[in-house]
Amino acid sequence: MTNHSETTAQVTLRTPAELADALPYLLGYRPEDSMVLVALHDSSGKGRFGGRARLGIPAHEEDWEEAARQLARGLVTSSERRGAKPEQLVAYVCQEPAPGERGRDVKRRLARLAHLLRIQCGDLDVPVIEALCISDGRYWSYCCPTADCCPEDGTPMGLPGTSVLAAAATYAGLQVRGTLKELRARLQPWEAAAAREQEAALDAGGLALVPRILDEAGRAEVAEETILLAERVMHRLAAATPVAGALPADLRDDGLIGHDEAARLILGLQDRNTRDRAAAWMEGDEAAPALRLWRALARRCVGPYAEHAAPPLTLAGWVAWSTGDELEAREALAMALGADPDYLFAGLLHQACNEGLDVESIRRCLRLGRPGEAPRAEPSAGASGATEATGRAESAEGPAFVGEPDPAARIRRRRRLRSALAAAGDGPRAARVPGRRRPPAGPGPTAGRAPRSNTRHPAGTRLPTKGTEETTS
């Protein structure tokens, strides 16, 4: 198997050890509690890496078969959509030992899951040529020809960064971003004592803003106030002294935003039109402080306001994708769907990112209506699958942008955006009135919801097909 790069010579991987070492470089991070499939395409008799897909390992073993089916179908289907069905697959199951366990216990426990992955891939006529378990700094192969081929205690993984692939990736500028847990920590709500103060600010902000939002004129005033406040905070963040490290940087940003300011921004962004105006801060000098602001606001959606994290998480995912960071984009958008599985903007962006849509096509749509932007011709519905009927179903009220007072222009712009995002058939959600999150209507599982998982999959909902995390080669 070979891994290709435009800036390095090809690297050939021949052994299970090299495949095990390659996984963090294929994904861009070290997976935890995950099952992963990597597509291989034939290239003159040598395997070439293609798409990758990851899913959290369900806590309940009865859910493994459905999870394996979704992962296999998701990767194969997306590869076919891009024009090249995988010819072979490499499977990984990764999980650290539980208290009292050793790596070899994990290998035995996950053997059935690896077998299910091979069966589901085989049913799609794509064979798994290698299946590896990675745990406790060691790896095991489930495809050894003889029972005593591999050591019972596994084979130690090489030191990180010492392989040929690691050297080639470093030369090419590729980075391994730690673990998903570390990445998600930048977007997860506070749990410290300050969370109670932020919750109180959100309670007070809701009492002040809800009556105004229910009034049409008041709603427009709240939108303008939200945008102006966001701009002031972004300028403040941009002027702050840089610090090294993600955690110190996040702590610095948290200290620059007051509880009341965060509450007003979080509640104001629940309005769809306001959120869409904020989405235009996606490039140039605006992008970096905007991303920092959206991360900080997501961390402030504490306690019963967890569902309110959907807009800032979606904006964080969008800006990350627009600036070239697909890994953070997928995680943020998936967490937005976890906060609110019905949040349409997050679902469309997550689908578009996973399907490899050209991000510039979406940026062009969001630039329309900004001051000084020339009007553009109305594009017809294309391969994305959006239709004129979808465009006609849009509400005439949003999204409103500065410099775009014409309702007809807003409708045309919304059509372009949905077309670019390969919109699904459901219509846009109305703006939510800020308030506390309501509990589920009933005790039973939601219809169509996928099996349980002990770790939240990046899509937020448990094992949805659209939530399977995919990356392209």
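Helices α8 (216-239) and α12 (287-299) cross at roughly 110 degrees, and their axes come within 9 Å. Axes here are lines fitted to C-alpha atoms, for helices over the stretch in contact, with angles running from 0 to 180 degrees between N-to-C directions. The two helices are therefore roughly perpendicular (65 to 115 degrees; under 35 is roughly parallel, over 145 roughly antiparallel, the rest oblique). Contact means heavy atoms within 4.5 Å. On the α8 side it involves Ala230, Val233, Met234, Leu237 and Ala238; α12 supplies Pro289, Ala290, Arg292 and Leu293. Eight of these residues are nonpolar, none polar and one charged. Ala, Val, Leu, Ile, Met, Phe, Trp, Tyr, Cys and Pro count as nonpolar, Asp, Glu, Lys and Arg as charged, and the others, Gly among them, as polar.

The model is predicted: local features need pLDDT of at least 70, side-chain atom pairs count only at pLDDT 80 or more, and totals for chains, interfaces and linings use all residues. Residues are numbered from 1 along each chain as its sequence is written, and side-chain values use heavy atoms, with hydrogens and water left out.

Helix α12 also packs against α9 (residues 246-255), at an angle of about 80 degrees with axes 10 Å apart. This makes α9 roughly perpendicular to α12. Asp250, Arg252, Asp253 and Asp254 of α9 meet Arg292, Ala296 and Arg299 of α12. Here the residues comprise six charged, one nonpolar and no polar.

Helix α10 (residues 259-268) is largely enclosed by the rest of the structure, because seven of its ten residues are buried. Buried means under 20% relative accessible area, exposed over 50%, and partly exposed in between (1.4 Å probe, protein chains only). The buried set is Glu261, Ala262, Ala263, Leu265, Ile266, Leu267 and Gly268. Their cover includes α7 (194-214), α8, α11 (272-278) and α12.

Across the chain there are 18 helices and nine strands. These are DSSP runs numbered from the N terminus (helices H or I, at least four residues; strands E, at least two). Of 473 residues, 51% count as buried. Among contacts with a separation of 6 or more, 72% link residues 24 or more positions apart.

Cys133 is buried, at 0% relative accessibility. Cys365 is also buried, with a relative accessible area of 7%.
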